[in-house]
Amino acid sequence: MLQVSLHNDGAIRLNAEFDCANGELLALVGPSGSGKTSVLRGIAGLLKSPALQGRVSVGTAAPDLWFDSVRGVRLPPQQRRVGLVFQHYALFPHLSAMENVAIAAANTRKTRARPAAFFDELFERMGLAGLQQRRPAQLSGGQQQRVALARALAREPQVLLLDEPFSAVDAPTRQTLYRELAALRQSVAIPMVLVTHDLNEARRLADRVVILDAGESLQIGPPARVFASPRNARVAELVGIQNHFQGQFFKSNEGEQPGVGHLVWRCEEQGRAGTPTSPVTLQVSDKGRLDDGADVSWVLAGELLDISRQAHAQGGNEVVCMLQEVLPLGEISLCTLVPAQLPAQRMTLNLSTALLRQLGAVPGAMLYVRIPPQAVHIMPVRQSDKS
């Protein structure tokens, strides 16, 4: 178990806390400058900041303490059993693949005991058998990345840190490396922390994600949950949610089904509704976390919507929209819809090109969009969001 709590003021701001279990792959996700690599450097002992505070430990029953600002513990990088894979490999160009790996392995007990068997097994596992004497310039991008990963594993690490390791290779090689990472996880049960800006990569590889912004961990959880249910408007923006709107939440009226609330879809220029009525009011789930009449922001899961050219037989949560724009992208078309009763709003949906053809939907067509309650995720508006 890796446990991280890092706080730093100044040029490199950090306020990140998370843990990563043995065998788990945790992805740090955020825009450029969000502190992802700084967090990795803090774990590895490479972040040289006198203002750094917090704690980094590895293990469960009797964890190894790598950093503790309160106790004055600050182990140097060479005393932390960390395997670090850099974005651009960082291999020594004048050394062979074997020599690059041997440098990292020089201080491990296993290497001194049986170096030949250790290296043979490692190179075989990484698909590098027969390439030990080649220099980096004689290797493909994927092979160089495997050498970098072999070097990280040669330290027999307690934690594996991956800093955008797949961004410098082409798509076919990236797919191969994904498979190799998945296979590696089955044989090496240590915490793995992956830095990536690619949301699809995080969704595909990670057990959990940490959303970072300005060095602060905003939300942690399984990718599907975080991307579908962001904690606040900033997280929704960082995970690329396009359909993000404002509104006002009302609890159910007397006599209505319990656990049901009403969401008034409101434009920025509109005032507060005061009552659960508006040109567009949606029935939503009430989880008991919001006050009656609370200002909220909300996001829409486009894949859960039901699109038709005619009104649905059961018309709950149905919004009539004009199809404003269609941009074909092969099997999927990027569509912009304008609610007829809220012409200042825009919904962006990825719709099947075949469905559009079947519906005869072209720009200017009117579509009936049914929004099930589970497609709506509501977030409270914090005071800082209003200012």
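Me: What makes up the lining of the largest pocket, counting elements that each supply at least two residues?

Reply: Those elements are α7 (199-205), α8 (223-228), β14 (281-285), β15 (294-300), β19 (347-352) and β21 (376-380). Of these, β21 gives the most to the lining, with five residues. Helices and strands are DSSP runs numbered from the N terminus (H or I, at least four residues, for a helix; E, at least two, for a strand). This is a predicted model, in which local features need pLDDT of at least 70 and side-chain atom pairs count only at pLDDT 80 or more, while totals for chains, interfaces and linings use all residues. Residues are numbered from 1 along each chain as its sequence is written, and side-chain values use heavy atoms, with hydrogens and water left out.

Me: Why is a space called a pocket, and why is another called a cavity?

Reply: Both are sets of points on a 1 Å grid over the protein atoms alone; in a cavity a 1.4 Å probe fits but cannot get out, whereas a pocket is open, with protein on both sides within 12 Å along at least five of seven lines. A lining residue has an atom within 4 Å of a point. Points are joined across faces, edges and corners, and the volume is the space filled by probe spheres set on them. The largest pocket holds about 1,300 Å³. Its lining has 46 residues, and Phe227, Ala228, Ser229, Ile241 and Val299 lie nearest the centre.

Me: How many residues of that pocket lining are nonpolar, polar and charged?

Reply: The division is 26 nonpolar, 13 polar and seven charged. Ala, Val, Leu, Ile, Met, Phe, Trp, Tyr, Cys and Pro count as nonpolar; Asp, Glu, Lys and Arg count as charged; the others, Gly among them, count as polar.

Me: How many cavities of 30 Å³ or more are there, and what lines the largest cavity?

Reply: The count is one. The volume of the largest cavity is about 90 Å³, and its lining consists of Val85, Met126, Gln145, Leu149, Leu162, Pro165, Phe166, Leu177, Glu180 and Leu181. Eight of the lining residues are nonpolar, one is polar and one is charged.

Me: What makes phenylalanine 166 and tyrosine 178 an edge-to-face pair?

Reply: The ring centres are 5.1 Å apart and the planes stand at 90°. Rings of Phe, Tyr and Trp (its six-membered ring) pair if their centres lie within 6.5 Å; planes under 30 degrees apart are stacked, those over 60 are edge-to-face and the rest are tilted, so this pair is edge-to-face.

Me: Why is the pair of phenylalanine 245 and tryptophan 265 called tilted?

Reply: The ring centres are 4.7 Å apart and the planes meet at 50°, so the pair is tilted. Phenylalanine 245 is in strand β12 (residues 244-251) and tryptophan 265 in strand β13 (residues 260-266), so the pair ties together parts 20 residues apart in sequence. Ring pairs also join Trp298 to Phe245 and Trp265 in a cluster.

Me: How do you know whether tryptophan 265 is buried or exposed?

Reply: Buried means under 20% relative accessible area, exposed means over 50%, and partly exposed is in between (1.4 Å probe, protein chains only). Tryptophan 265 has 0% relative accessibility, so it counts as buried. Phenylalanine 245, at 4%, is buried too. Serine 96, with 5%, is likewise buried; it lies in the loop between β7 (82-85) and α2 (97-105).

Me: Why is helix α1 (residues 36-44) described as largely enclosed?

Reply: Seven of its nine residues are buried, so the rest of the structure largely encloses it. The buried ones are Lys36, Ser38, Val39, Leu40, Gly42, Ile43 and Ala44. Just after α1, glycine 45 has a positive phi of about 85°.

Me: Where does tryptophan 66 lie, and what does it touch?

Reply: Tryptophan 66 is in strand β5 (residues 64-68) and, at 2% relative accessibility, counts as buried. Contact means heavy atoms within 4.5 Å. Leaving out residues up to four places away in sequence, tryptophan 66 touches residues including Ile43, Val58, Leu75 and Val159. Its C-alpha is 8.2 Å from that of isoleucine 43, 23 residues away in sequence.
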